Amino acid sequence: MFNQLYTFLNENSLLSKYQSGFQPKNSTLSALVQVCNAWHASMDCGDVSAVVFLDIRKAFDSINHNILLRKMEEQFGVSNVELKWFASYISNREQTCFVNGTMSTSKKIVCGVPQGFILGPLLFLLYINASLK
């Protein structure tokens with residue numbers, strides 16, 4: 001599923017060109033270089049620049065399922081059976097904790113994407129991806 005979706009997104013240029021995280025041959029360093037180049041160009045033109053850095057705490061855990069699925073359909077063209085598959089992948093999950101030999105009661109997970117799998121970062125990209133190209 002990852003390969004199909006990632007190929008589709010790239011072939012149709014659906015991810016923002018400003019997205020560096022979770023992209024091959026891109027990193028925080030490549031993003032920093034790109035931003036520094038833009039700042040230098042602005043300074044050379046006499047423009048004033050400002051920047052805001054955000055560190056989203058528990059980012060993968062904060063993803064709203066309804067917003068993600070809506071964006072996948074409206075912004076990225078995922079629909080029908082594929083959209084239903086993703087909805088079943090992220091929805092109706094539960095978690096328990098096992099501490100000191102004791103299992104907690106099960107709690108329904110109401111937001112976030114499964115972590116530890118290749119789809120987690122890609123779904124996060126879709127969630128945060130702006131409509132900028």
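Where is alanine 31 placed? Alanine 31 is in helix α2. The notes below take this helix and other parts of the model in turn.

1. Basis. This is a predicted model: local features need pLDDT of at least 70, side-chain atom pairs count only at pLDDT 80 or more, and totals for chains, interfaces and linings use all residues. Residues are numbered from 1 along each chain as its sequence is written, and side-chain values use heavy atoms, with hydrogens and water left out.

2. Alanine 31. Helices (H or I, at least four residues) and strands (E, at least two) are DSSP runs, numbered from the N terminus. Alanine 31 has a relative accessible area of 23%, so it is partly exposed. Buried means under 20% relative accessible area, exposed over 50%, and partly exposed in between (1.4 Å probe, protein chains only). Glutamine 19 is twelve residues from alanine 31 along the chain, and their C-alpha atoms are separated by 8.0 Å.

3. A surface patch. Helix α2 covers residues 28–44 and holds valine 33. Valine 33 counts as partly exposed because its relative accessibility is 44%. Together with Leu29 and Leu32, Val33 forms a nonpolar patch on the surface, with about 280 Å² of accessible area in total. Such areas come from the Shrake-Rupley method with a 1.4 Å probe; for residues, only the protein chains shown count as cover. Patches are made of residues with over 30% relative accessible area and no salt bridge; like charges are joined within 9 Å, nonpolar side chains (Val, Leu, Ile, Met, Phe, Trp, Tyr) within 5 Å. A salt bridge is a side-chain nitrogen of Lys or Arg within 4 Å of a carboxyl oxygen of Asp or Glu.

4. Helices α3 and α5. Helix α3 (residues 65–74) packs on helix α5 (residues 119–128) at an angle of about 80°, and the axes are 9 Å apart. That angle is why α3 is roughly perpendicular to α5. On the α3 side, Ile67, Leu68, Lys71 and Met72 make the contact; on the α5 side, Leu123, Leu126, Tyr127 and Ile128 do. Contact means heavy atoms within 4.5 Å. Axes are lines fitted to C-alpha atoms, for helices over the stretch in contact, and angles run from 0 to 180 degrees between N-to-C directions. Angles under 35 degrees count as roughly parallel, over 145 as roughly antiparallel, 65 to 115 as roughly perpendicular and the rest as oblique.

5. Cover of α5. Seven of the ten residues of α5 are buried, which leaves the helix mostly covered. Among them are Leu119, Gly120, Leu122 and Phe124. The buried residues pack against α1, α3 and α4 (80–90).

6. Positive phi. Serine 13 is not a glycine, yet its phi is positive, about 50°. Serine 13 lies in the loop between α1 (2–11) and α2. Its relative accessible area is 48%, so serine 13 is partly exposed. Asparagine 100 also has a positive phi of about 50° without being a glycine. Asparagine 100 sits in the loop between β2 (98–99) and β3 (102–103). With 78% relative accessibility, asparagine 100 counts as exposed.

7. Cysteine 111. The loop between β4 (107–109) and α5 holds cysteine 111. At 31% relative accessibility, cysteine 111 is partly exposed. Apart from neighbours within four places in sequence, cysteine 111 contacts Asp61, Ile63, Asn64 and His65.

8. Valine 48. The loop between α2 and α3 contains valine 48. Valine 48 is exposed, with a relative accessible area of 81%.
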